[in-house]
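Please keep the sequence and the model side by side while reading.

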Amino acid sequence: MKVVIDSNVLVAMIGKRSLLRPLWDTFIEGKYKVAVSEDILKEYEEILQRHSANGVDKLVMEIFVESPDVHFHSVYYKWNMITEDPDDNKFFDIAVAANVDFIVTNDSHFNKIKAVEFPKVNIISSAAFLDVLKSDLI
């Protein structure tokens, strides 16, 4: 399974006491793949610098650069699907380019995409993705 992870989910899943920590743990175990672009990695780093403990950003970024389960993709077409927050379009564009199974996000700006027939991208919340991972492990 391949996903795009929105930065709001990434920040929530790396906390050791977070309810979403199993998302990070299963990623580290190689249970799913993450599609990224240079723009997404830059956003991850900026968000982690602002919202996590000192040094966590460097550790997480090193993992993302070194992991065989992180797949880098380039965007050759910008769909501009999210007008409410155009900065979120990078996640949609990579999802299309990488043909992912889901965008994992808790951002309501992505709700509009759920009704789009083409290109079809499945949007799933972090809690729902946790349920998917649990059902795959059973």
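Which residues of helix H2 (residues 21–28) are buried? They are Arg21, Leu23, Trp24, Thr26 and Phe27. The model is a predicted one, and the points below should be read with that in mind.

**Helix H2 and its packing on H4**

- Among the buried residues of H2 are Trp24 and Phe27, and these two, together with Ile28, meet Val60, Ile63 and Phe64 in H4.
- By class, the residues in this contact of H2 with H4 are six nonpolar, with no polar and no charged residues among them.
- The crossing in which H2 passes H4 is left-handed.
- Just after H2, the backbone at Gly30 takes a positive phi of about 80°.

**Helix H3 and its packing on H4**

- The axes of helix H3 (residues 38–51) and H4 come within 9 Å and cross at roughly 155°, which makes H3 roughly antiparallel to H4, since angles over 145 degrees are counted in that way.
- H3 passes H4 in a right-handed crossing, and on the H3 side the contact is made by Leu41, Tyr44, Glu45, Leu48 and Gln49, while H4 contributes Asp57, Val60, Met61 and Phe64.
- The residues of the contact of H3 with H4 divide into six nonpolar, one polar and two charged.
- Val60 and Phe64 of H4 take part in the contact with H3, and Val60 and Phe64 are also met by residues of H2.

**Lys90 in helix H5**

- Lys90 is placed in helix H5 (residues 89–98), and with a relative accessible area of 14% this lysine is buried, because the cut-off for that class is under 20%.
- The side chains of Lys90 and Glu43 are joined by a polar contact of 2.8 Å.
- Leaving aside neighbours within four places in sequence, Lys90 is in contact with Asp39 and Ile40 as well as with Glu43.

**Thr105 and Asn122 in the loop between S4 and S5**

- Thr105 has its place in the loop between S4 and S5, and Asn122 is likewise in the loop between strand S4 (102–104) and strand S5 (123–124).
- Is Thr105 buried or exposed? At 4% relative accessibility, Thr105 counts as buried, whereas Asn122, at 38%, counts as partly exposed.
- The side chain of Thr105 reaches the backbone nitrogen of Asp107 at a distance of 3.0 Å.
- Not counting residues up to four places away in sequence, Thr105 touches Asp6, Asn8, Val9, Phe110, Ile123, Ile124, Ser125 and Ser126.
- For Asn122, a polar atom of the side chain lies 3.3 Å from the backbone oxygen of Asp101, and Asp101 is also one of the residues in contact with Asn122 once neighbours within four places in sequence are left aside, the others being Phe102 and Ile103.
- The C-alpha atoms of Asn122 and Arg17 are separated by 28 Å, and these two residues lie 105 residues apart along the chain.

How values were computed: Residues are numbered from 1 along each chain as its sequence is written. This is a predicted model: local features need pLDDT of at least 70, side-chain atom pairs count only at pLDDT 80 or more; totals for chains, interfaces and linings use all residues. Side-chain values use heavy atoms; hydrogens and water are left out. Helices (H or I, at least four residues) and strands (E, at least two) are DSSP runs, numbered from the N terminus. Buried means under 20% relative accessible area, exposed over 50%, partly exposed in between (1.4 Å probe, protein chains only). Contact means heavy atoms within 4.5 Å. A polar contact is a pair of N or O atoms within 3.5 Å; within protein, one must be able to donate a hydrogen and the other to accept it, and residues adjacent in sequence count only if both atoms are side-chain atoms. A crossing is left-handed if the near helix is turned anticlockwise from the far one by less than a right angle, and right-handed if clockwise. Ala, Val, Leu, Ile, Met, Phe, Trp, Tyr, Cys and Pro count as nonpolar, Asp, Glu, Lys and Arg as charged, and the others, Gly among them, as polar. Axes are lines fitted to C-alpha atoms, for helices over the stretch in contact, and angles run from 0 to 180 degrees between N-to-C directions. Angles under 35 degrees count as roughly parallel, over 145 as roughly antiparallel, 65 to 115 as roughly perpendicular and the rest as oblique.
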